[in-house]
Structures are given as C-alpha cells and as structure tokens.
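Subject: Structure handover

Hello,

The structure you asked for is below. My notes on it follow.

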Amino acid sequence: SLLSLRFVGFVPDGDMPALYSAASLFTFPTLYEGFGIPVLEAQSCGVPVLASDYSALPEVGGQGRAVCEPL
C-alpha cells in the first residue's frame, strides 16, 4: 500500500473524530506536550499511536501506543 502524508492545517473540533478515524496511524513525536489529549483522542477512535516518550505521554498512552525518541 502507498503511504500518504497530508498537512491539513486547522481542523474544527467537530471534524476531528472523522479525521482520526480515517487515519492509518497517528504520530505525535513532540517534546512539549503537556498532557497528551491528541493521543487520547486518536486512541478513542481506534487509531494506532506512535508518540514520543517525553512529558506525560508514556503515562497517558499506556500500553496502547508505541514510543519513539523525538529528534
């Protein structure tokens, strides 16, 4: 299958569940996230998550995500 990456810009809150649900993978390799709401939102839509191991993300994502070290 082909990998497709799209930068969509601003998305209204009401459209986020459909956007998450259409994704094959949600990546979040951030150094600055405070709590990790985007990780929880993606997980609640059933999307696999790859998130950094910084801040609160390891606790928020739990066993339901893979971790990476951001560059």
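Gly36 has a relative accessibility of 0% and counts as buried, where buried means under 20% relative accessible area, exposed over 50% and partly exposed in between, with a 1.4 Å probe and protein chains only. Its place is the loop between S1 and H2. If neighbours within four places in sequence are left aside, Gly36 is in contact with Leu57 and Val60; contact means heavy atoms within 4.5 Å. The C-alpha atoms of Gly36 and Ala56 are 6.7 Å apart in space, and the two residues are 20 apart in sequence.

Before the rest, the conventions. The model is predicted, so local features need pLDDT of at least 70 and side-chain atom pairs count only at pLDDT 80 or more, while totals for chains, interfaces and linings use all residues. Residues are numbered from 1 along each chain as its sequence is written, and side-chain values use heavy atoms, with hydrogens and water left out.

Overall layout

The protein has three helices and three strands, and along the sequence these follow the pattern α-β-α-β-α-β. Helices (H or I, at least four residues) and strands (E, at least two) are DSSP runs, numbered from the N terminus. Of the 71 residues in the protein, 28% are buried. Among contacts between residues at least 6 apart in sequence, 25% join residues at least 24 apart.

Core and rings

Which residues make up the largest nonpolar core? There are eleven: Val11, Met16, Tyr20, Phe26, Phe28, Val39, Ala42, Val47, Val49, Ala51 and Leu57. Helix H1 (16–22), strand S1 (26–28), helix H2 (37–44) and S2 are the elements that give two or more residues to this core. A nonpolar core is a set of buried Ala, Val, Leu, Ile, Met, Phe, Trp, Tyr and Cys residues joined through side-chain atoms within 4.5 Å. In soluble globular proteins, nonpolar side chains tend to be buried together.

The structure holds two aromatic pairs. Rings of Phe, Tyr and Trp (its six-membered ring) pair if their centres lie within 6.5 Å; planes under 30 degrees apart count as stacked, over 60 as edge-to-face and the rest as tilted. Tyr20 and Phe26 make an edge-to-face pair, at 5.5 Å centre to centre with 75° between the planes. Phe26 and Phe28 make a stacked pair, at 5.6 Å centre to centre with 20° between the planes. Tyr20 counts as buried because its relative accessible area is 8%, and Phe26 because its value is 16%. Phe28 is buried too.

Surface

Leu31, Tyr32 and Tyr54 make a nonpolar surface patch of about 360 Å². Patches are made of residues with over 30% relative accessible area and no salt bridge, with like charges joined within 9 Å and nonpolar side chains (Val, Leu, Ile, Met, Phe, Trp, Tyr) within 5 Å. A salt bridge is a side-chain nitrogen of Lys or Arg within 4 Å of a carboxyl oxygen of Asp or Glu.

Tyr32 sits in the loop between S1 and H2 and is exposed, at 75% relative accessibility. Its C-alpha lies 9.9 Å from that of Ser52, which is 20 residues away in sequence. Tyr54 belongs to the loop between strand S2 (49–52) and helix H3 (57–61); with a relative accessible area of 33%, Tyr54 is partly exposed.

The two ends

Val8 lies in the segment before H1 and is partly exposed, at 48% relative accessibility. Val8 and Leu19 are eleven residues apart along the chain, with 9.9 Å between their C-alpha atoms.

Glu69 is in the segment after strand S3 (65–68) and is exposed, with a relative accessible area of 58%. Beyond its neighbours within four places in sequence, Glu69 is in contact with Asp53 and Tyr54. The C-alpha atoms of Glu69 and Asp53 are separated by 6.0 Å, at 16 residues apart along the chain.

Regards

Note on methods
Accessible areas come from the Shrake-Rupley method with a 1.4 Å probe; for residues, only the protein chains shown count as cover.
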